[in-house]
Amino acid sequence: MSTDHHEEHPKGLSRWLFTTNHKDIGTLYLWFCFIMAVVGGIMSLVIRSELWQPGMQIVEPRFFNQMTTLHGLIMVFGFVMPAFVGLANWQLPMMIGAPDMALPRMNNWSFWLLPPAATLLVLSLFAPGGAPGAGWTLYPPLTVHEGMGMDFTILSVHMLGISSILGSINIIATILNMRAPGMTLMKMPMFAWSWLITAFLLLATIPVLAGAVTMLLTDRHFGTSFFDAAGGGDPVLFQHIFWFFGHPEVYILVLPAFGVFSQIIPTFARKPLFGYTSMVFATATIAFLSFIVWAHHMYTVGMPMTGELFFMYATMLIAVPTGVKVFNWVATMWRGSMTFETPMLWAIGGVFTFTMGGITGLMLSITPVDFQYHDTYFIVAHFHYTIIGGSVLAIFAAIYYWLPKWTGHMFSEPLGKLHFWLTLISFNLTFFPQHFLGLAGMPRRIPDYALQFTGFNEVSTIGAFMVIFAQLIFFYLVIKCIRGGEKAADQVWEGAEGLEWAVPSPAPYHTFATPPQVR
Amino acid sequence: MSINPLKSLRGVVVRVSAGMSLLLVSGLVRADYALNFQRPVTEIGRDLYGLHMMIVWIITVIFVGVFSVMFYSVFKHRKSRGHKAATFHESTTMEVVWTIIPFVILLAMAIPSTATLIKMDDVSGSEMTVKITGYQWKWKYDYLDHDVSFMSTLSTPQEQINNEAEKGENYLLEVDNEVVLPVGKKIRFLLTAADVIHAWWVPQLAVKKDAIPGFINEMWTKIDEPGTYRGQCAELCGKDHGFMPIVVKAVSEEDFNTWVNEQKATQIAAVAAAGKTWSKDELMRKGEKVYAQCSACHGATGQGVPGVFPGLAGSKIATGPVADHLQIVMGGKPNTAMQAYTAQLNDVDIAAVVTYERNAFGNDTGDVVQPADVKALR
């Protein structure tokens, strides 16, 4: 069978519209998430600008709430999730020796659902009454009272959810069916393992979120009262359903990041990953635990004490497998022969900042003290340390790690390092002071605050502007790397292992048409 | 007012520059960079502070320990120093050790946490009960044992929020009616809400719980020392979530009893006022004040927020039959942000605000609603 005609594909716009090629779709995902990160980033600057000083300066309180809501939804569903799906699309087939994803046409569709969904979400700003201002958690009864923008958001969440479900079915089908001969499950790269587990989390939880927002929709328009006590419903029911999705969701955001760290650290330590088997089991354990801890987001709703104790103990347990992962990474570095190219810097930085988010997470798991941390800036600091410190730093690490394979050119190391240090420093400048703000009593999601919180808010705002503008370096670096630069070798990094390094740089349009043999 | 979120550009420039100069003059002096919990004034608060600090120290030691090892490795085991990579990649012993040790540490944290939680959960033996109801965007307090009840709203002037006046010391943390509580008594709070979910939080008392419409939560406190303790709503509840503070004034039992008697006298006077016939001017003046509560949604000039909150200027309700108008103010509108004000406002307030709404914003209906009309509908 000739593969020649596969090399012919449409050029220009139709190439991207009709593509079923995993590399093209990966590229589309990555550019999409970049655009969404810019949009969400601008919103964060609106938030931080308003919080620069006490008093209302720039926006109205209602618009401020719309900004915090959209910033959250866009960054979670528009930036971090698609970024990892993009990385999976590019890398999974090359890492397991498959010619493409298992379901290429569905792959095209799962991407092309995203731009209309994102457009709808942003368009809600222009609906009568504006976008929802109830926070990304969309708690009723507040969301039942919202204007038409809320319906835009519900529809958008449905479309984003369908895209995620299709994407995860594809990833599961690919990993389970298309591994090269000889690559048993326990020989798979950790990135593939973490994505396999993440995909199952998505499959199990996205339909639950869809159920929750559908119930909201019928409460809003069709006279049901799932969440209205006056009609026999319960507003807290929504929170249970939402967080049954929402807690696994945070691991959906971070497990692929763990996979990235587990690829990069051994490469630059020139030493195999320490405790591969325990890494796999730790990831699976985290995934399992993520289903039985959801109510730790709701300690203050007035649960029975036994319930609170159960969720406290279960949540504390997550520290054990997470700790195992961190110890394994440190043990991988131990007595290695380390170099610190840009991807390694991002990976080490990511492990460091993620762990900070992890230990504040342990603080938050303790029910009695959580009553004081809950809904304050301490939470805001905590989850930005996990999501930016863990996931986003890992996304950058992964892009730097594989960019030479994608473009065939080396990127500028000095610029990559500058980007890393500026991002790391300004990220900490933004979010570290928010721990103190929360402890001292500043609630989250407020557009204006009491005078004693001024100092740290100023620091945080300065940091936020630095973080966002530092990303211009990244944009310049990537464009420069696509256009040219030193030719990248097939084996881009000296210590890198895996099938993706066996293919030429840049990776040809089709790889592994004949499956490689793994021993 | 349009829905355009950006205020006029000139306004922004003026405000930002005013903010900047304010910062230079006083901001740096004011900023106190508090690092930790506010000083607790209850036993539970001190327990929580102790628990919090214990956990902070444990995790700090672990964090520093783990990353000391990592950074030692980063500096010593690098290729540029000629370090050759070892080849080990697993050790069951190590895996077991670093699974068991964290588990034991967690156990050590779980035991005191459980004890504290059990203590916090025990509302038995309380000596008085205050029911707290969250409204968009104010609090209502009912002293169930003393027959006293009142609303409490933000008292910071709008000029300070809009940067047109110097901000006071307790900016955004001040209210018209403070919650007066006796020290040394176990006080039970019952929490609920009328519209959306709120959360009642006073950091120094170490109490926080959600106030949920249709449900009643409970918690308790026992304040050790007299003083004024300030807090805020801690659950996003809409537009003015940032503007519904809580102020607790803890006083001796003697002062508390005096205060209760004063409150009762005020309430009796209010009942008397409801009995007389009011002139239109009186009602309009009073109504304008009461309308401040309505203006958060319906706008200071009755313009509303298009698409979310209906305007009152020329509206069907405010210019149609008086009975419909009264019904919606008193009974609210289901599934919207429009609350039932029967419980929140007295007869005079409702009569005044309805009269005001029917005659302000160009609605000139000429209708006058008397407190007695309202009373008849209750």
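# Interfaces and local features of a predicted model

Between domain 1 of chain B and domain 2 of chain B, the rule finds 10 residue pairs in polar contact, both partners at pLDDT 80 or more. The model is predicted, and the values below are computed from it.

## Domain 1 against domain 2 in chain B

Which elements give two or more residues to the domain 1 side of this contact? They are α2 (43-76) and α3 (92-121) of chain B. Helix α2(B) provides the largest share, five residues. By class, the domain 1 side that touches domain 2 has five nonpolar, three polar and five charged residues.

The domain assignment of chain B has three parts. Domain 1 covers 35-71 + 93-122, domain 2 covers 128-270 and domain 3 covers 276-377. The C-alpha centres of domain 1 and domain 2 of chain B are 32 Å apart. In this pairing, 13 residues of domain 1 of chain B are in contact with 13 residues of domain 2 of chain B.

Together, these two domains of chain B bury about 1,000 Å². Carbon and sulfur atoms account for 45% of that area. Three residues stand out on the domain 1 side: Q38(B), V41(B) and T42(B). They supply 50% of the area that domain 1 of chain B buries against domain 2 of chain B, more than any other three residues.

How many salt bridges cross the interface of domain 1 and domain 2 of chain B? The rule finds two. A salt bridge also joins E225(B) and R39(B), with the closest N and O atoms 3.1 Å apart.

## Chain A against chain B

The contact between the chains takes 103 residues from chain A and 105 residues from chain B. About 9,300 Å² is buried between chain A and chain B, 70% of it on carbon and sulfur atoms. Which residues of chain A lose the most area to chain B? They are H145(A), Q372(A) and L451(A), together 8% of what that side buries.

Polar contacts link 24 residue pairs between chain A and chain B, both partners at pLDDT 80 or more. On the chain A side, helix α13 (residues 319-333) gives the largest share of the residues that touch chain B, nine in number. By class, that side divides into 61 nonpolar, 28 polar and 14 charged residues.

The rule finds one salt bridge across the interface of chain A and chain B. Its partners are E494(A) and K79(B), whose side chains meet at 2.8 Å, N to O.

## Salt bridges

Over all chains, the count by this rule comes to 18 salt bridges. Three of them are listed here.

| E494(A) | R270(A) | 2.5 Å |

What does the bridge from E494(A) to R270(A) tie together? E494(A) lies in the segment after α18 of chain A, and R270(A) in the loop between α10 and α11 of chain A, so the pair ties together parts that are 224 residues apart in sequence.

## Backbone features in chain A

R270(A) has a further feature. Its phi is near 55 degrees, a positive value in a residue other than glycine. R270(A) sits in the loop between α10 and α11 (276-289) of chain A. R335(A) also has a positive phi, about 55 degrees, and is not a glycine. R335(A) is placed in the loop between α13 and α14 of chain A.

Where do cis peptide bonds occur? One joins P140(A) and P141(A), with omega about 0 degrees. P141(A) is in the loop between α6 (114-123) and α7 (142-145) of chain A. Another joins S505(A) and P506(A), with omega about -5 degrees. P506(A) lies in the segment after α18 (454-483) of chain A.

## Aromatic pairs

The structure holds 64 aromatic pairs over all chains. One of them is F258(A) with F354(A), an edge-to-face pair. Their centres are 5.1 Å apart, with 80 degrees between the planes. This pair links distant parts of the chain, 96 residues apart. F258(A) is in helix α10 (residues 235-269) of chain A, and F354(A) is in helix α14 (residues 342-365) of chain A.

Methods:
Residues numbered from 1 in each chain as written. Chains lettered and ligands numbered in written order. Heavy atoms only, no water. Contact = heavy atoms within 4.5 Å. Buried area = accessible area lost by both parts, 1.4 Å probe. Salt bridge = Lys/Arg side-chain N within 4 Å of Asp/Glu carboxyl O. Polar contact = N/O pair within 3.5 Å; in protein donor to acceptor, adjacent residues only side chain to side chain. Helix = DSSP H or I, 4+ residues; strand = E, 2+ residues; numbered from the N terminus. Nonpolar A, V, L, I, M, F, W, Y, C, P; charged D, E, K, R; others polar. Domains from an automatic or database assignment. Phe/Tyr/Trp six-rings, centres within 6.5 Å; stacked < 30°, edge-to-face > 60°.
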